[in-house]
Amino acid sequence: MSKYSNEFKLIIVNEWLVGQNGLKKLAKKYNIPSFRAIVEWRDEYLVTGSIGSKSHKSYSPEFKKTVLNYLETHSQSEAARHFAVFPSTTIANWLRTYRKFGYQVGTAMG
């Protein structure tokens, strides 16, 4: 469960979109420890048109492997935007599982 509601996140993203405040000012205004959280919300909104999935997405092992291979030359946040995987911590979980167990074709891999 997220610390912030999807409605709250959308309010902040909309405030950023209309240019009222920059990311760091918004973080300070709303007492959010890091503006990077707002970056994630903004990216999710810009890529998907919404914040917070209404249903849990399921990804194939092949898709996860493709995303993890992308990480060889790109950052986690770039991969999240490119493949529309939000929150980007989902990718971190896949990477942690891969490092522990390796690729296991035919399994969920995390």
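User: Is tyrosine 4 buried or exposed?

Analyst: The model is a predicted one. Tyrosine 4 has a relative accessible area of 17%. Because the cut-off for burial is under 20%, tyrosine 4 counts as buried.

User: How is the aromatic pair of tyrosine 4 and phenylalanine 8 arranged?

Analyst: The ring centres of tyrosine 4 and phenylalanine 8 are 5.4 Å apart, with 20° between the planes. Planes under 30 degrees apart fall in the stacked class. The pair of tyrosine 4 and phenylalanine 8 is therefore stacked.

User: Which class, buried or partly exposed, applies to phenylalanine 8?

Analyst: The relative accessible area of phenylalanine 8 is 21%. Burial requires a value under 20%, and exposure a value over 50%. Phenylalanine 8 is therefore partly exposed.

User: What is the geometry of the pair formed by tyrosine 4 and tryptophan 41, and how many residues apart are they?

Analyst: Tyrosine 4 and tryptophan 41 lie 5.4 Å centre to centre with 70° between the planes, an edge-to-face arrangement. Tryptophan 41 is buried, at 7% relative accessibility. The pair links distant parts of the chain, with tyrosine 4 in the segment before H1 and tryptophan 41 in helix H3. The geometry is edge-to-face, and the separation is 37 residues.

User: How are helices H1 and H3 oriented to each other?

Analyst: The axes of H1 (residues 6-17) and H3 (residues 35-48) come within 10 Å and cross at roughly 80°. Angles of 65 to 115 degrees form one class. H1 and H3 are therefore roughly perpendicular.

User: How many nonpolar residues are in the contact of H1 with H3?

Analyst: On the H1 side, the residues that meet H3 include Phe8, Ile12 and Trp16, and on the H3 side they include Ile38, Trp41 and Tyr45. By class, the contact also has 1 polar and 2 charged residues. The nonpolar residues number 10.

How values were computed. Residues numbered from 1 in each chain as written. Predicted model: local features only at pLDDT ≥ 70, side-chain atom pairs only at ≥ 80, totals over all residues. Heavy atoms only, no water. Axes fitted to C-alpha atoms, helices over the stretch in contact; angles between N-to-C directions. Helix = DSSP H or I, 4+ residues; strand = E, 2+ residues; numbered from the N terminus. Parallel < 35°, antiparallel > 145°, perpendicular 65-115°, else oblique. Contact = heavy atoms within 4.5 Å. Nonpolar A, V, L, I, M, F, W, Y, C, P; charged D, E, K, R; others polar. Phe/Tyr/Trp six-rings, centres within 6.5 Å; stacked < 30°, edge-to-face > 60°. Buried < 20%, exposed > 50% of the residue type's maximum accessible area, 1.4 Å probe, protein only.
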